Amino acid sequence: LSERLSGVFDRLTKQGALSEDDVKTALREVRVALLEADVSLPVARDFVKAVQEKATGQAVTKSITPGQQVVKIVHDELVHVLKGDGEPDDLKIDNAPAPILMVGLQGSGKTTTTGKLAKRLKEKAGKKVLMASLDIYRPAAMQQLAVLGTQIGVDTLPIVAGESAVQIAKRAKQQATLGGYDVYMLDTAGRLHIDETLMQEVEDVRNAVNPRETLLVVDGLTGQVAVEVAEEFDGKIGISGVVLTRMDGDGRGGAALSMRAVTGKPIKFVGLGEKMDALEAFEPDRIAGRILGMGDIVALVEKAQETIEAEQAERMMKRFQKGQFNMNDLRMQLEQMIKMGGMEGIMGMMPGMGKMAKQVQDAGFDDKILRHQIALIQSMTKRERANPGLLQASRKKRIAAGAGLQVSDLNKLLKMHRQMSDMMKKMGKGGMLKQAMKGMF
Ligand code: GDP
Ligand code: MG
């Protein structure tokens, strides 16, 4: 998106201030990008309006282009909307034992998140936590929580057959009080869809324990549905915060923006995987970047068009789709990267690559390193370039020495090659690579 916006502005005549028309043109792109990122229509509309008001008439800073300036305004507004009050991972867990109620649809990740959060509270805050499953409909779900408890070393309330959800909640409270727990977490049952019985049950539990936090767990990949679920739960039960799960997937984060805008409730955590430590405090900056920087294929293609010969690109694409990506290809890529504004420039424009680009950037990646990597590839033999699998210790030493670098530098290059190769394979399978390069020839 950033690039697309810059492009829009580059075509416009330079003026001293952002005119209404300039802004309108750019915001059309912003709106499309928001919708592509799964932001709901009314939210996207309001958002664009807010940005329009902020942007119009703003003086253009000399050192940056109008496009960059609008991108910044959009980014800041995204962060502004996404930001909750106070620290994101601030949970109200004073007055032990503090009840935390976990609610949401079935499969949204409640049980997993209960475990993750319990682990976090235990390890980061030194809290003594008790977990209880209120899923009386699925004995397996109760077992699932017990297993997680053992795995992370957190107690679970013993399972007693035949109790109602409210009875279990009350027993958890009692046990938490008697056992000197700081927090007790109630993992409720979910349904596939919101229904009255479910809501009533959660409401009864809420009334029974008066939770300090009621966290709604929603699947970040479900986009619009997640927002409806949030509205429903907040209206009926009243939530104190949201946990967005599956943010490790390729959802675009737009649900976060809609959810925040619609419910006004803070997103407190994001789930980034199935493992018990795959939970992070919500960072508005990161999601804003994800929404803005998401797979801007158009920009990628436009930039690539300027620099890559069409035939060369087609040949490369065919090979990548077959999972062939050798050192010669990597070298070409590295050379392209230098032309196209570095690693972050190119990877930020490809879906799912933003995170990797950031890592690369954080690792202090710059053009000098790109040039070093090219030197390493140059000091390989033809056979080695075609088949990096050949590189054993002695060959590695020779190559590194040939480029005037360390073996560790070479290892980093090989690792990057492997990662890119994997990525290419995945993209090739999903047809994403083709999409990414569509229009180039
Ligand atoms: P519940 O029905 O709401 O309790 O959902 P579960 O906690 O049982 O989770 C359903 C599935 O989603 C499980 O296979 C989890 O491992 C998986 N899951 C939960 N959170 C995440 C996440 O953040 N990322 C990924 N990739 N999977 C998750
Ligand atoms: Mg569950």
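Reader: At what angle do the axes of helix 5 and helix 6 cross?

Author: This is a predicted model, where local features need pLDDT of at least 70, side-chain atom pairs count only at pLDDT 80 or more, and totals for chains, interfaces and linings use all residues. Residues are numbered from 1 along each chain as its sequence is written, and chains are lettered from A and ligands numbered from 1 in the order in which they are written. Helices (H or I, at least four residues) and strands (E, at least two) are DSSP runs, numbered from the N terminus. The axes of helix 5 (residues 110-125) and helix 6 (residues 139-152) come within 10 Å and cross at roughly 25 degrees.

Reader: Are helix 5 and helix 6 roughly parallel or roughly antiparallel?

Author: Angles under 35 degrees count as roughly parallel, over 145 as roughly antiparallel, 65 to 115 as roughly perpendicular and the rest as oblique. The crossing is at roughly 25 degrees. Helix 5 and helix 6 are therefore roughly parallel.

Reader: How many residues of strand 1 are buried?

Author: A residue is buried with 20 or more other C-beta atoms within 10 Å of its own, exposed with 12 or fewer, and partly exposed in between; C-beta atoms are placed from the backbone. Ala98, Ile100 and Met102 point one way, Pro99, Leu101 and Val103 the other, and all are buried. For strand 1 (residues 98-103), the count is six of six.

Reader: Which residue of strand 5 stands opposite Ile100?

Author: Strands pair if DSSP finds at least two bridges between them. Strand 1 and strand 5 (residues 213-219) pair in the parallel sense over four bridges. Opposite Ile100 stands Glu213.

Definitions and conventions: Axes are lines fitted to C-alpha atoms, for helices over the stretch in contact, and angles run from 0 to 180 degrees between N-to-C directions.
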